[in-house]
Amino acid sequence: MARIQTRSAVEKIITYPLGSSPEEIQAKFNLKAVRKMSDNENVYGCSPEVKDCIGKAMNSLNFYPDGTVSLLKRKLAGFYNINEDKFLVSNGSEEIIRLLTRAYISSGDEAVMAEITFPRYETNVLIEGGNAITVPLQNGTHDLNAMFSAINGKTKMVFICNPNNPTGTIVGRKELRQFVEKVPSNILIILDEAYYEYVKSEDYLDSIPLLAQRPNLIILRTFSKIYGLAGLRIGYGIMDSEIVNELYKVKDVFNVNHLAQAAAAAALNDQAFIRECADKNAQEMKFVCQKLKDLNIGFFSSQTNFIYIFSQNPIAENLIANGLVVRQMKLEGYLDAFRMTLGTREDNEAALDVINKLLNEKAV
Ligand SMILES: Cc1ncc(COP(=O)(O)O)c(C=O)c1O
């Protein structure tokens with residue numbers, strides 16, 4: 001059959017590399033079990049309160065979900081003490097990225113972003129016929145001065161991933177505040193804080209108060225990471241209500257499914273679970289970093305539940321073959337680097353064990 005031509009913008013797009021599923025890896029290497037350490041999900045699951053809530057919500061699956069997500073929006077408004085008209089709940093926070101580009105990017109518009117960051121920013125800009133202006137990281141961190149210099153008359157939006165995926169780094173509080181304050185008010189600043197709840201650094205900006213001053217600021221958060229609801233697809237953005245109204249024009253009517261809405265409301269209530277997960281994660285991060293240092297393996301200092309590890313050895317391939325499914329990626333200058341989501345102590349020890357053995361074999 002003759003190939004039917006897509007729009008020229010779609011021609012440029014590279015399909016997101018989903019990689020093999022844990023089931024495929026298990027079969028390929030004939031493994032008893034696999035541990036998924038590739039997608040930065042919460043290894044400790046989700047709040048037990050979610051399960052009860054989903055059970056009840058199952059009774060009304062014959063109805064469409066609430067298209068305005070009113071109950072959860074009210075809860076979020078109370079949680080943050082912000083008016084509910086500033087929230088847009090979405091099918092994962094990724095949907096807000098798509099809605100923003102759909103509503104605001106026209107052909108030839110530019111969006112400034114880091115060179116190595118969450119790839120969906122670039123893809124969504126390209127889909128709309130825009131151009132992604134990518135700015136190299138400095139030591140794994142957004143270079144805000146260079147990003148500011150990349151802004152010109154064509155710039156429509158700027159993406160800051162804080163902490164950054166895949167490097168796990170954050171930008172300094174003062175530096176980020178100054179950046180947000182000086183970006184012209186006709187340019188959207190999209191601050192993606194998908195891993196916000198994991199951050200322990202005192203140098204992390206509390207961005208919420210800036211919303212009142214800067215109506216061009218959009219903050220993205222998600223229930224996919226520490227809240228442990230990745231499988232349900234639910235996230236949200238906090239922004240000026242006028243932007244919310246524009247995004248409503250381009251969103252699907254029933255974008256957030258009924259079970260996800262119920263689950264997220266229950267998950268938000270259980271902040272003790274979130275604190276406990278953040279603390280356990282911080283302990284694991286300390287443990288893994290110390291072991292990597294002992295093994296003389298480089299990594300970026302991370303404020304998230306994942307760590308970007310540099311290695312000239314085929315470590316990632318070996319981890320995967322041993323059922324520890326990490327995400328292989330290369331960053332300019334770091335051959336064979338990979339990103340590993342932290343697991344339980346047992347998972348992390350298993351991964352470190354494989355690395356240790358491999359390095360010892362190499363040394364012989
Ligand atoms: C930085 C960042 N932003 C957004 C997302 C998308 O999350 P969601 O599941 O809410 O769509 C991810 C998922 O990996 C991410 O790492």
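Tyrosine 308 and arginine 339 are where I'd like to start: in this predicted model, Tyr308 stands opposite Arg339, which belongs to β12. Four bridges join β9 to β12, residues 338–341, and the two strands run antiparallel. They belong to an open sheet of three strands, in the order β9-β12-β11, with antiparallel pairing. At the edges stand β9 and β11, the latter covering 327–328; each has a single partner strand, so one side of each is left without a neighbour in the sheet.

Let's step back to the domains for a moment. The protein is divided into domain 1, made of 19–45 plus 272–362, and domain 2, which is 48–269. Taken over C-alpha atoms, the centres of domain 1 and domain 2 are separated by 26 Å. How many residues does each domain bring to the contact? Domain 1 gives 22 residues and domain 2 gives 20. On the side of domain 1 that touches domain 2, α12 (271–294) and our friend β9 (306–309) each supply at least two residues. The one that gives the most to that side is α12, with five residues. By class, that side of domain 1 divides into 11 nonpolar, nine polar and two charged residues.

Now for the other sheet. Here we have an open sheet of seven strands, and reading across, the order is β2-β8-β7-β6-β5-β3-β4, with mixed pairing. Which strands are at the edges? Those are β2, at 87–90, and β4, at 131–135, each pairing on one side only. On average, and ignoring direction, neighbouring strands of this sheet are turned by 20 degrees against each other. Helix α6, residues 120–127, packs on the sheet and touches β3 (110–114), β4 and β5 (155–161). The direction of α6 makes about 165 degrees with that of β3.

On to a pair of helices. In general, two packed helices are described by the angle between their axes and the distance between the axes. For helix α5 (residues 93–104) and helix α10 (residues 241–250), the packing angle is about 90 degrees and the axes are 9 Å apart. Angles of 65 to 115 degrees count as roughly perpendicular, and α5 and α10 are therefore roughly perpendicular to each other. From α5, the contact uses Leu99, Leu100, Arg102 and Ala103, while α10 brings Glu246, Leu247, Lys249 and Val250. Sorted by class, the residues of this α5 and α10 contact are five nonpolar, no polar and three charged.

I'll finish with some backbone details. Where do we find cis bonds here? Another runs from asparagine 165 to proline 166, with omega near 20 degrees. Proline 163 lies in the loop between β5 and α8, the helix at 173–182. Proline 166 also lies in the loop between β5 and α8. Then there is asparagine 40, a residue other than glycine with a positive phi, near 60 degrees. You'll find Asn40 in the loop between β1 (35–36) and α3 (48–57). Thanks, everyone, and I'm happy to go through any of these on the screen.

Definitions and conventions: Residues numbered from 1 in each chain as written. Predicted model: local features only at pLDDT ≥ 70, side-chain atom pairs only at ≥ 80, totals over all residues. Axes fitted to C-alpha atoms, helices over the stretch in contact; angles between N-to-C directions. Parallel < 35°, antiparallel > 145°, perpendicular 65-115°, else oblique. Contact = placed C-beta atoms within 7 Å. Nonpolar A, V, L, I, M, F, W, Y, C, P; charged D, E, K, R; others polar. Domains from an automatic or database assignment. Pairing = 2+ DSSP bridges.
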